[in-house]
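Colleague: Could you walk me through reading this one? I would like to begin with the charges and rings.

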Amino acid sequence: RSADAAARFRDAGVAAVIYTDISRDGTQDGADVVKSAALAKDARVKVIASGGVATLDDIRALRRHFHDGVCGVITGRALYEHRFTLAQALEVAR
């Protein structure tokens with residue numbers, strides 16, 4: 001279970017874990033906001049979400065879960081394909 005593994009990392013002292021939904025990775029089908037937030041809450045660890053990010057709306061949706069422990073997002077392909085700029089992503093994330 002992802003939450004058990006993340007909790008073990010938390011207990012070992014990591015600052016955050018990267019959660020990648022590999023079924024979405026590189027697809028730009030949208031981030032799995034629900035699972036990212038649930039992992040952060042269940043394991044009580046900071047989560048950097050990855051996989052499927054396509055638009056600024058994905059970043060906005062993840063940002064709404066900052067209080068749950070989602071502390072970052074990897075945008076990868078969306079930046080490479082110029083769907084938005086780094087400056088735009090940072091502005092939305094604030």
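Modeller: Happy to. Keep in mind that this is a predicted model. A charge counts as sitting over a ring if it is within 6 Å of the ring centre and within 35 degrees of the ring normal. Here Arg 63 lies over the face of Phe 66, with 4.9 Å to the ring centre.

Colleague: Which other residue has its charged end over the ring of Phe 66?

Modeller: That is Lys 46, whose charged end is 5.8 Å from the centre of the Phe 66 ring.

Colleague: And how many aromatic pairs does the structure hold?

Modeller: The count of aromatic pairs is 0.

Colleague: Now the fold. In what order do the elements of the protein run?

Modeller: Starting at the N terminus, the order is α-β-α-β-α-β-α-α. In total the protein has 5 helices and 3 strands. The radius of gyration is 13 Å, close to the 12 Å from the globule rule for 94 residues, so the protein is as compact as a globular protein of that length.

Colleague: What box do the C-alpha atoms fill?

Modeller: Along the principal axes, the box is roughly 40 × 25 × 20 Å.

Colleague: How should I read the contacts between residues at least 6 apart in sequence?

Modeller: Look at how far along the chain they reach: 68% of those contacts join residues at least 24 apart.

Colleague: Last topic, burial and surface. What share of the 94 residues is buried?

Modeller: Buried residues account for 39% of them. As for the surface, the protein exposes about 5700 Å², and 53% of that area is supplied by carbon and sulfur atoms.

Definitions and conventions. Residues numbered from 1 in each chain as written. Predicted model: local features only at pLDDT ≥ 70, side-chain atom pairs only at ≥ 80, totals over all residues. Heavy atoms only, no water. Phe/Tyr/Trp six-rings, centres within 6.5 Å; stacked < 30°, edge-to-face > 60°. Helix = DSSP H or I, 4+ residues; strand = E, 2+ residues; numbered from the N terminus. Rg over C-alpha atoms; globule rule 2.2 N^0.38 Å. Buried < 20%, exposed > 50% of the residue type's maximum accessible area, 1.4 Å probe, protein only. Contact = heavy atoms within 4.5 Å. Areas by Shrake-Rupley, 256 points an atom, 1.4 Å probe, with all protein chains shown as cover.
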